[in-house]
Amino acid sequence: MIRCIRRAAAFCLLLLVALLVNAARVQVFEADALDSNPANRRTTIERYDQPRGNILVGDESVTGSKDTGEQLAYERTYRHGPLYAPVTGYASQTYGTTLLENAEDGVLSGTAAVLAPIPLWGDLTHSRQPGGDVVTTVRKAVQRAGYEGLAGRRGAVAALDPQTGAILALVSSPSYDPERLSGTGSSVTDAWAELNRSAGKPMLNRAIRQTYPPGSTFKIVTAAAALDAGVVEDPDEETDTPSPYVLPGTTTTLPDEARGCENASLAEAIRVSCNTVMAHLGVEVGLKGMVRAAGRFGFNDDDLKIPSHVARSDFDTDMSDDQLAQSSIGQFDTTATPLQMAMVAAAVANGGELRYPHLVDRVTDHDGHTVRRQGSDTYRRATEPETARRLQRMMVDVVENGTGANAAIDGVRVGGKTGTAQHGVDNTGTPYAWFISWAQNPDSGRPAVAVAVVVEDAAADRADVSGGGNAAPIARAVMEAALAESD
Amino acid sequence: MTATTADARPPELRLPKRRGVELSLLIGAVLISVYGYASVGLARNDAVPPDVAGYGAGLGLLALLAHLAVRLRAPYADPLLLPIAVLLNGLGLVLIYRLDLETPRDQAATTQLVWSTLGVAFFIAVVVLLRDHRLLQRYAYLSVATALVLMTVPIFFPAVNGAKIWIRVAGFSFQPGEFAKILLAVFFAAYLAANRNALAYTGRRIWRLQLPTGRVLGPIVAIWLLSVGVLVLERDLGTSLLFFGLFVIMLYVATGRTGWIAVGLLLAAAGAFVVGSLEPHVHSRVQDWLDPYASIDAGLGAGQLAQSLFAFAAGGMLGTGLGLGHSILIGFAAKSDFILATAGEELGLAGLTAIFLLYALLVARGYRAGLALRDPFGRLLSIGLASILALQVFVIAGGVMGLIPLTGMAMPFLAQGGSSVVTNWIIVALLIRVSAEARAPHPGRTETGVIAPIVEEDPPDIGHHRGTGR
């Protein structure tokens, strides 16, 4: 009997060993795989168990967090949600994050390594830091001027500080309140469905994620290419251009809407927006030269991040001459985001040096100590300084004596370029009204702001649609706001 | 038949009773539980729960009363049994209280405390009233009759979560099958003790297996089949597995025939296969065990077993800390069948190992008492009771951790469940009683210390001690 008892005891010991080995299997060896199983809600629960850090415009927080007392405790709230939605994006418990909420999620949710007191602290302690704050470069008044200028019409505004690349405004219209997507449940899914159904596509960030044919505003790039390539030596010298211009290798003629474009000089062509002169110049510069010039301004860049990803602006690299001619006036396959065209204006204003656009000024920990600061980085040299100076003069002429008169501001040096982009099948769509510009206080040595405005459904009467008429006043309001804040 | 402990014995043979050790360990067990209770409150509300003193005092008072009963009526009892029971019960209360915080509409800790108090009352009653465990031998047939009645009654009550094992009266539900465990162990022990020689040495021999005569084996197999059959009808598969294992172990220990183990294992495998493939409730459990993540792959989210594994994994080596895990995601059985997942998540592998070792110690002490005892009934009873604990811990822990298919059963002392906690207290009381008998000095017994048992070939007849120590 004794021997049997001992054996039974040994059997019990075997059961214990089996349990311990199995516990080690689950808790140690398979733990990582189980932790990262998508059906494991722990990560989600922990993510929302502390308030999220805030996104700031100036010293004002445009976001907040509220404790719902539910399993996913903290929900995102937004102040002036529709105004800043193109900046913040949403942070939804149901649909994830977008834009800054997405790009700076590590900081806002407290998992970013920069927030840890010492390196690897979080890994060692399995702890998270309180969410840090993200201070944007956006200026409240500039943002509001763009938003109110669009007044609910479809369109976008992007404004930059040409000297630093800081984004002063990023407006998309119509907009939405990201708070509607914050939590969980049917109100959120209903809001999501409604926003996605809406014809105005309110969740589309038109300023950085939508590309449009840039129309005549692209002529600044073509002009820069022509000057840098030496195709044009003197902007005021007559060019050898017929009007209308027969596209090379075709019988298609390109007309001018403006008068006096035949053999017009480059400066004149910019001032009154001659299609023929600029198309011809593009062909003379050649495909390679045009592609290089566009690339120096930021076209064909797949990796532009502000830190949210910016949609690629396109200038085709493989075209026939007639296509190149159309592309050189911002038609054919050429497309650009509003931010891209603001970068064009900014490069000109900043003497040809293009700064990397950025939306985040600095990141602070929960106690307000700066843990990361965004410097001003050169993106590319877009043009020679001399070319930039000449382009500036031409753009000022557009505002003072040309199509951009609506952007003029008393006592301020303003340069601009209008654009009216045809689109749709056989150009039947309502044209997009473009305006790009920059402004500099006369007593200031540096430009204060560069702006791009696009208005999609500008007016009911197609004939009235023009960059000068619809987009320029918005650009002026934005520039005035930026000038008032600078210096 | 009875050799009471009241016999006069020479003073020089007095053994250390170690009641002081027991008291110190009890104080430690209560303090650990109070610390756990306070740490849940600190983790969740940054404050010690207001009733922590009441909880500590309550648990302490229960422990003290139990200790006094042992000190007065079973002074030679194993000093580890009671502290382990108090610690496990205290820890169980902490875990249930902690899970209550997640389910504001379903508070279970207070009820569990009431049942624990009742359990300790039963413990005291058993220790005080049962002067000699051999008295139970007389009631073997009453025990088995009661057990069968208890197990049959729930058939007439509605099923809860697929199993008909509850009786609901006046808002209280209780699981009579739990008590049946003890009664059946008593019966097996008594019957096997009385007939073990007949079982071992008579009957025909087939190949290497010595079969006892049907007259001897028949009744016990019938009763065992009946109880397992009833449980299968009630879909209480954990308990039927437990009874099966209990029967095989006790039969093996009583007869010393290894063949019984083989037969038992074969029958268990065959039975498990048949039930597992035919019975839909069990079939789904087996499917779950084979692929805990099937429902995730099907896009339906994590099932209960997957949630349990997530909880264990989240605990890792050291755990998240009491109150800081999310094992409530497991759902409705989090406080009962799956309580171990909360322990695994919040105390980690370290805490879980400690808990397993506490159970192992409890089982080992039961086995040790069995080894030290000289009466076959006492031996078989203590082995049976210890094996109940061991098998139950293995079946439920293996189930919630994906080692074996899940069968609903309560983790002894830890899990929410009134009948379970009362039953476990009675088991510990009986182990206290047999260990007191095992460790008490006996006249005429060659003193070899507490640890070394008397090694002897048992006499064929029971009741007389013919000590023929080696």
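Over all chains, the count comes to 15 aromatic pairs, where rings of Phe, Tyr and Trp (its six-membered ring) pair if their centres lie within 6.5 Å, and planes under 30 degrees apart count as stacked, over 60 as edge-to-face and the rest as tilted. In one of them, A:Tyr95 and A:Trp192, the ring centres are 3.8 Å apart and the planes stand at 10°, so this pair is stacked. A:Tyr95 lies in the loop between β5 (91-92) and β6 (96-97) of chain A, while A:Trp192 belongs to helix α9 (residues 186-197), 97 residues apart; helices (H or I, at least four residues) and strands (E, at least two) are DSSP runs, numbered from the N terminus.

This is a predicted model, in which local features need pLDDT of at least 70, side-chain atom pairs count only at pLDDT 80 or more, and totals for chains, interfaces and linings use all residues. Residues are numbered from 1 along each chain as its sequence is written, chains are lettered from A and ligands numbered from 1 in the order in which they are written, and side-chain values use heavy atoms, leaving out hydrogens and water.

In chain B, the rings of B:Tyr37 and B:Tyr97 have centres 4.3 Å apart and planes at 35°, so that pair is tilted.

Turning to the sheet, five strands of chain A form an open, antiparallel sheet in the order β9-β8-β18-β17-β16, where two strands pair if DSSP finds at least two bridges between them. Its edge strands, β9 (167-173) and β16 (413-421), each pair on one side only. Strand β8 (residues 155-160) of chain A is joined to β9(A) by six bridges, and A:Ala158 stands opposite A:Leu170 in β9(A).
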